[in-house]
Amino acid sequence: MGLGFSIKGKVGGTTDSESILQIIADYTEAESKGIFATFLEIDLEEDTLYLSFHPCEEPVSLFVEDGTLFCSAKTNSVGPGYHAYLIDFFEKAGKDLSIDWVWNETTDDESYGDETGYQEHKDFNDLQECMAEWLQMLSTIFLKDDQKGYLVSLPANTPRVAHKDFFVASSLGFWSRNWFEELQHKDLTELEKYGKQFFIWWDREPDARFLVRTGVALLNADCGWHAPLDDDEIMLYEIIDKCFEEAKKLNPDVIVPEKDWEYIKAYLEGEEDVEIPESPLGFRKNAVTYDIAGEWKITVPGFFYSGLDEETEVFWFGDKTVRNTVYSFDSETTPDEMLASLLSEEDYPSAEKIFFSDEKIKGHGYVYYYMNAEEEAEYWLLQAVKVEEGSFIFTTICFASMDEKDWAIEVWNSITH
């Protein structure tokens, strides 16, 4: 559920899809200036071009089918300023590249155009109102029951900050139920202050406030709070640094998160083992909880990486790895029967056995030292299983020292359903 636009068009001069997408990619790179050149990421995958104009929003996607160019963009994660920026960009691209865009067409099967109406009327105040009304609509959905812990305008795989009671989280921080209750009952004339607080880019121009809020959003939702280990992490730190630097150039009096910025600059300057600053920013300064397959959840350190290895969900950092695979079983088998059939003591004769039990879940497992002759490596392993009605999760945690056994057990204990 979001706001954006979806358009199609005919490109003059060529119908070759690969050529069309490459022309647009080259044009986008040439036209992106200043901070937007820093933000820009271009990815041409087979028959689809992905253009990332802002690091806090999904990429714009373009593809060609039967000689027609299709383009779709989501904009509400950043706000009305970003929406207007994209409209301007693709209108100019249409003129410069002879693309005849269809901005307003509805058939029985499909609809093309700008969901906010901005492309047609060019009234930025109306665009801001549209974004604020979308936010107000969310408040109605969120407040209809007693649920909490909603994530808004964040990637689908974003973990939740563990052990924190919150109503809504966005890239700019946490929002209380009272804030949304106030928002729900405001009329259009009163919505501006809520939109200005919630969206990263509320005003028309990419001013200092926009740059600071972009940097803050990246510190919250994307920063891993460790030394950057690859080109993507280095780029993230460089973008955060650039946002605050450019904001100060535009407005020397603008307030930036100095401690967090110093942390970022220290790593970019080659320092090692920089101390994480104490500040309210940075979701991943904390333990975080991931949703994994089969409605299971796990809590791991926020700085851990996450990924999928076929059917196994993996979390890792340094010499620690946590692997989880979820299985289902038929209703004729009880959880106790299933647990009894898994991880027999005979297979772990010298291991330390561990147990877990609560109202819904039972589990057991083993901690032992392992020598991997094939990889010429030695380490400790926790292998364990937890069983719930119709489902079980098999966990393997690898760690280097027995001093980390309690940490491994704590991670396993955190797995819930």
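Does C71 count as buried or exposed, and at what relative accessibility?

Modeller: C71 counts as buried, at 1% relative accessibility (buried means under 20% relative accessible area, exposed over 50% and partly exposed in between, with a 1.4 Å probe and protein chains only). The model is predicted, so local features need pLDDT of at least 70 and side-chain atom pairs count only at pLDDT 80 or more, while totals for chains, interfaces and linings use all residues. Residues are numbered from 1 along each chain as its sequence is written, and side-chain values use heavy atoms, without hydrogens or water.

Searching the whole structure gives 0 disulfides (a disulfide being a pair of cysteine sulfur atoms within 2.5 Å). C71 is accordingly in no disulfide, and the nearest cysteine sulfur, that of C130, lies 18 Å away. C223 is likewise buried, with a relative accessible area of 0%. For C223, the closest cysteine sulfur is in C56, and at 12 Å it is too far for a bond.

The helix is α6, residues 177-184 (helices are DSSP runs of H or I, at least four residues, and strands runs of E, at least two, numbered from the N terminus). W179, F180 and L183 are the buried residues of α6. These residues cover an arc of only 95° around the axis, which puts them on the same side of α6 (the arc is that of the directions from the helix axis to the C-beta atoms). The buried residues of α6 pack against α5 (124-142), β11 (168-170), β12 (173-175) and α7 (192-198), where contact means heavy atoms within 4.5 Å.
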